[in-house]
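Thanks for making the time this morning; I would like to walk through one model with you, a few places at a time. Please have the sequence and the structure open while I talk.

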Amino acid sequence: MKYPPSLVGLIRELSRLPGIGPKSAQRLAFYLFEQPREDIERLVGALLEAKRDLHTCPVCFNITDAERCDVCSDPTRDQDVICVVEEPGDVIAIERSGEYRGLYHVLHGVLSPMNGVGPERLHIKPLLPRVQDGMEVILATGTTVEGDATALYLQRLLEPLGAVVSRIAYGLPVGGALEYADEVTLGRAMSGRRRVNEAPTPPRPRRDEEDGAAPVPSPR
Amino acid sequence: MKYPPSLVGLIRELSRLPGIGPKSAQRLAFYLFEQPREDIERLVGALLEAKRDLHTCPVCFNITDAERCDVCSDPTRDQDVICVVEEPGDVIAIERSGEYRGLYHVLHGVLSPMNGVGPERLHIKPLLPRVQDGMEVILATGTTVEGDATALYLQRLLEPLGAVVSRIAYGLPVGGALEYADEVTLGRAMSGRRRVNEAPTPPRPRRDEEDGAAPVPSPR
Amino acid sequence: MKYPPSLVGLIRELSRLPGIGPKSAQRLAFYLFEQPREDIERLVGALLEAKRDLHTCPVCFNITDAERCDVCSDPTRDQDVICVVEEPGDVIAIERSGEYRGLYHVLHGVLSPMNGVGPERLHIKPLLPRVQDGMEVILATGTTVEGDATALYLQRLLEPLGAVVSRIAYGLPVGGALEYADEVTLGRAMSGRRRVNEAPTPPRPRRDEEDGAAPVPSPR
Amino acid sequence: MKYPPSLVGLIRELSRLPGIGPKSAQRLAFYLFEQPREDIERLVGALLEAKRDLHTCPVCFNITDAERCDVCSDPTRDQDVICVVEEPGDVIAIERSGEYRGLYHVLHGVLSPMNGVGPERLHIKPLLPRVQDGMEVILATGTTVEGDATALYLQRLLEPLGAVVSRIAYGLPVGGALEYADEVTLGRAMSGRRRVNEAPTPPRPRRDEEDGAAPVPSPR
Amino acid sequence: MRSRSANRSGIVIRRRVTPAGDIIVTLLTPQGKVKAIARGGVRGALASRLNLFHHVAVQVYQTPQADLATVQQAVLEGALPRLAEPERYAFAHLMAELADALFQEGEFSGQAFDLFAGALRGISHQPDPEWVALVMSYKLLGLAGFVPQTNRCARCGTADPAHPDPLGGQLLCAACASLPAYPPPSLDFLRNVVRRSVRASMDHPVPEEQRPALWRALERFVTVQVGNVQSWRQLVPTAAVSA
Amino acid sequence: MRSRSANRSGIVIRRRVTPAGDIIVTLLTPQGKVKAIARGGVRGALASRLNLFHHVAVQVYQTPQADLATVQQAVLEGALPRLAEPERYAFAHLMAELADALFQEGEFSGQAFDLFAGALRGISHQPDPEWVALVMSYKLLGLAGFVPQTNRCARCGTADPAHPDPLGGQLLCAACASLPAYPPPSLDFLRNVVRRSVRASMDHPVPEEQRPALWRALERFVTVQVGNVQSWRQLVPTAAVSA
Ligand SMILES: [Zn+2]
Ligand SMILES: [Zn+2]
Ligand SMILES: [Zn+2]
Ligand SMILES: [Zn+2]
Ligand SMILES: [Zn+2]
Ligand SMILES: [Zn+2]
């Protein structure tokens, strides 16, 4: 038995999507076949509309359908911090954490010479004019070697501009047990330990109050 | 931060697909955003074309883009056996096994009173005129309670028509160890055991010759 | 830091056990350390007692602490059927299924030339005098290549003795969907399908009556 | 069929071990049955020897077979830092990370009122005389609510003694992507971010040199 | 396509990690208590979300065979990190223990959930967490139908008793009692806390020196009526040092 | 009881995360290259260990059906965190790319592994990582059988050529060349680096101003003999700013 060509075509297109193997693609295709025409058309419409409306913000390279993205055009966001991330999805992850009220900058990748990704392939150049003297730039690239290399590269670039450059913390995930942590992470959690001092109540109570922890002066 | 509506819409449509949770939908949406317009248009085209071209075969209710499906219109298929399955995907699974050269009939579901699926919701009625006296009908519905119930229902319907009604074998999967089989399956594998007799070469050599096994006369 | 030698020794012995990796062994050792002395002694006692009391039944090679095993010494078991299995654990799996009331024979392995396991390494020889003309022997070795090879070897040996030799059924596990079955198993389930005939009540009512199914006369 | 009592007893004892379900216990019991007597006796010997030789160090409550544990009796360990952990296994995890050269203190649990574990059930009292003015105490209990509560409790107790109290870092595991981090952990990684300053080469080059990172003065 | 998955939103009142690395949690939800297992959860993101006292939305999957539902996904809806502070931690445990003892699986009670969630929030944020815990304990007991008898002596039935009942945690008349009568604020509390609004009770705290007697009464009442609850001991470190 | 598991110790030379959260790594080991997949690895402890340039011991499981072995366990044996520094990062990539191109799966070569591991260590620790990269690139090429011809002109065969070969990265005689001859240190390097010991080469670095020509030669030689390699561009930020 041969599959009808349009079924084969649909399965092929679906299996190009990330995380969808040939078996899932086939299952999806059969599922779509069973759906009413309106549902297919709504999906098709959503795809075309998204492609038509969405583009990267010219300031921070986040995804938007407006001239500037929602963060860049919100004057209540802290204009003195920029958080640099790899991908648009990372912006959402950080927003969901609720711990950040500053701006973003999306690189759309990490430095990877062996994959032909040098600085010119990332949105690094437009970041430079955004950084003012005394501003904080948080390097929130991934904690892989590639993410670290990108962070180090940016640090070299940004500190001469007068930026206070910081890196997201490495350590144990919340809810973790030491026993289940890998040794690399545990080593970083030990060397990155922070002093928990009995500071007096901070002037303005903050959500993340317990994190105003001071670093340990001389880690061994 | 608010997502752009067309991104939200796309994520919502994608997360309606089976097996795609909200996180995967988001990842898919970002992936699609990064793809060139041609790729999106090819996917959209495949979806629309599939919806336009595909329908169920009026004879066997398999998926096809022709008047009759590929199996129904192939005169070399054995016209004296019909294999009844739940879904179009099952036809493909059986075809892939290479063990079957007869016809199919796709029910598009199983009997499930608690989900409101009675016989009239399945393609049972059009099966009856296809069944001739002496023909074999293989009930290849799933081995769940619902699949068994559907098979028993069909058996009652088809045997009066003179059909030789058979059921796919229950037993151990190939490559299995008894230790890992559940006790219900192991019980079926024991009670369904087959005689392995050193029969002389069968009159017409067949591919599945080793399966011409005789049943055990008196299993206990 | 060095571990105390007796801790190292315990971890080493524990990690020799099947299915216990080095990490689990370490966790087990710490757990045992925390237990009261009586619990350790009870475990040790159980180990020594099991080693002292248990041996293989001289008839069927199942595990027993008596002269003959529980099955061999039970006169109500059907003395006309022997089920041949690979390991003592398989006896328990089949007993749990509740579908069998005959005798057993435990091979303690499967034929595997590449691992140096020939027929002389298995308890095959003592099986032969147990087999009488007209008796049924069920070959319930695993459905792997090695299990199949062992079954075929035994069939050649046992049929000349007049035994009715049968093999447990290959097929779909109970509760399965065709879609998730691998194609080899599905092929076996198709070719091993059985006729479901509305047979009159069998001469002597049996528990597994619904399995007294006749084979399909001419499977294709 | 009934199992021999000594087999039942062995399976029961084995299934008491953590992480070993009834099925694994049965498999283990059969495995042990097949092993030569010497192997069983070696396992039994290891169990008894471990129970006889091992005890908790009277200073730090780590496991040892000597008067004091290997860390407490090693004068080259940094005597000015104590790392407080929940379980002996955590000592091993931290040692494996290679990032720590100080002393330990093992609590053997965490505060959990609902499980009846108050401070008197943990080895907290013997910790107090070990802490000298100016010493660092690293609270390396787990990052669960219970571990946090235990750390906060100890902080209150130890700071009046003049200890510099620190907590292992919360944050992203090494090799992680933001997208796969949960929002709670990501929030901690953001609020716990550290300044990466271009400090001059430190006086004595250290392995964890890159971790001498300063905290960000004013996290938002 | 039958769905054995259900979505529930609730607060983790118990959490246990098995040696195999599974996390077993009990949630209190508006639809009743839910017990579920996150297999291998200790190694993944679920470990962060399924923490004690976290408010989480979970997707649980129930198979007919398994007696324990499986947690498939969890999303954090709220955390109260200050509950780890020594002066709040044990009170949070007490609330969780009471909720676990008083409410059953499958017993639909949005009211119980709201009351419990409010109790945790209060213990986390209020400057006087002890008072929150005393008030909310009686409110939770009352909702579950355990109301101390305060208009008649617990032993002889005489009206208007005012003395502590050292066995049952209720009230005794002067004749039956061996202890002096409760001071008026304590007596008012015991007589009215169950039906009075939480806000009204919060506005009129009993002086601290009278509370140990109220705690003794609550402990006796819970032990006799509900059963064994462990979280009575407080965790303020100074006390522990002196102990 | 047949074992399809194997233990291998090697250095991660490629790492890719699939959208499904699997990590696909290529390791260079003394037993040759190994490619394997850690399913769902991005969510667990394997993500920390299976990082680029990490030296790990892995247990891999190979089934007859699957073409990619599965990583079951991984233990970190060594990490070189300084390889992330801008002046070292791209050189480490170059070594990994060369190793990936030069050595094959299942091709047993303890020597290749040792040389590659030494190259990464040198790039990580030495004050002059560029020089380490130049030397070790030629040593790796030489071990794989790619040795530049230096005693005869690459075009006409004349003996003792001394001029750059802009196409093939070897040497040309004065007649065939359009560029001036290499200075003596560079010539000595090109003629002897492959057979000279690493230590000897390290002790006599070519002056920095002569190196761009050597890099051009190496790039041409690799491109012609081995194929496309991407990690030529350097990542020192000042250059990037000016670019
Ligand atoms: Zn923007
Ligand atoms: Zn058809
Ligand atoms: Zn026997
Ligand atoms: Zn010690
Ligand atoms: Zn009275
Ligand atoms: Zn020439």
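In which loop of chain E is Phe53(E) found? Phe53(E) sits in the loop between α1 (46-49) and β4 (55-61) of chain E, where helices (H or I, at least four residues) and strands (E, at least two) are DSSP runs, numbered from the N terminus.

Before I go on, a word on conventions: this is a predicted model, in which local features need pLDDT of at least 70, side-chain atom pairs count only at pLDDT 80 or more, and totals for chains, interfaces and linings use all residues. Residues are numbered from 1 along each chain as its sequence is written, chains are lettered from A and ligands numbered from 1 in the order in which they are written, and side-chain values use heavy atoms, with hydrogens and water left out.

Back to Phe53(E), which has a phi near 70 degrees, a positive value in a residue other than glycine. Most residues other than glycine have a negative phi. Phe53(E) is also buried, with a relative accessible area of 3%; buried means under 20% relative accessible area, exposed over 50%, and partly exposed in between, with a 1.4 Å probe and protein chains only. In chain A, Phe61(A) likewise has a positive phi near 70 degrees, lies in the loop between β1 (55-56) and β2 (63-64), and is buried at 11% relative accessible area.

Staying with chain E, Gln210(E) is in the loop between α6 (198-203) and α7 (211-225) and is buried, at 13%. Its side chain makes a polar contact of 2.7 Å with the side chain of Ser186(E), a polar contact being a pair of N or O atoms within 3.5 Å; within protein, one must be able to donate a hydrogen and the other to accept it, and residues adjacent in sequence count only if both atoms are side-chain atoms. Leaving aside neighbours within four places in sequence, Gln210(E) is in contact, meaning heavy atoms within 4.5 Å, with Pro183(E), Pro185(E) and Ser186(E).

Tyr89(E), in helix α2 (residues 86-102) of chain E, is buried at 1% relative accessibility, and its side chain reaches the backbone oxygen of Leu111(D) at 2.7 Å.

Turning to chain B, what do the residues of strand β5 (residues 136-139) do on either side? Glu136(B) and Ile138(B) point one way, Val137(B) and Leu139(B) point the other way, and all are buried. Strand β3 (residues 81-85) of chain B runs parallel to β5(B), joined by four bridges, and Val137(B) is the bridge partner of Ile82(B); two strands pair if DSSP finds at least two bridges between them. Four bridges also join β5(B) to the parallel strand β6 (residues 164-167) of chain B, with Ile138(B) opposite Ser166(B).

Finally, the interface between chain A and chain B takes 55 residues from chain A and 55 residues from chain B. Between them the two chains bury about 4,800 Å², 71% of it on carbon and sulfur atoms, where buried area is the accessible area (1.4 Å probe) that two parts lose on being put together, summed over both. On the chain A side, Met1(A), Phe33(A) and Lys51(A) lose the most area to chain B, together 16% of what that side buries.
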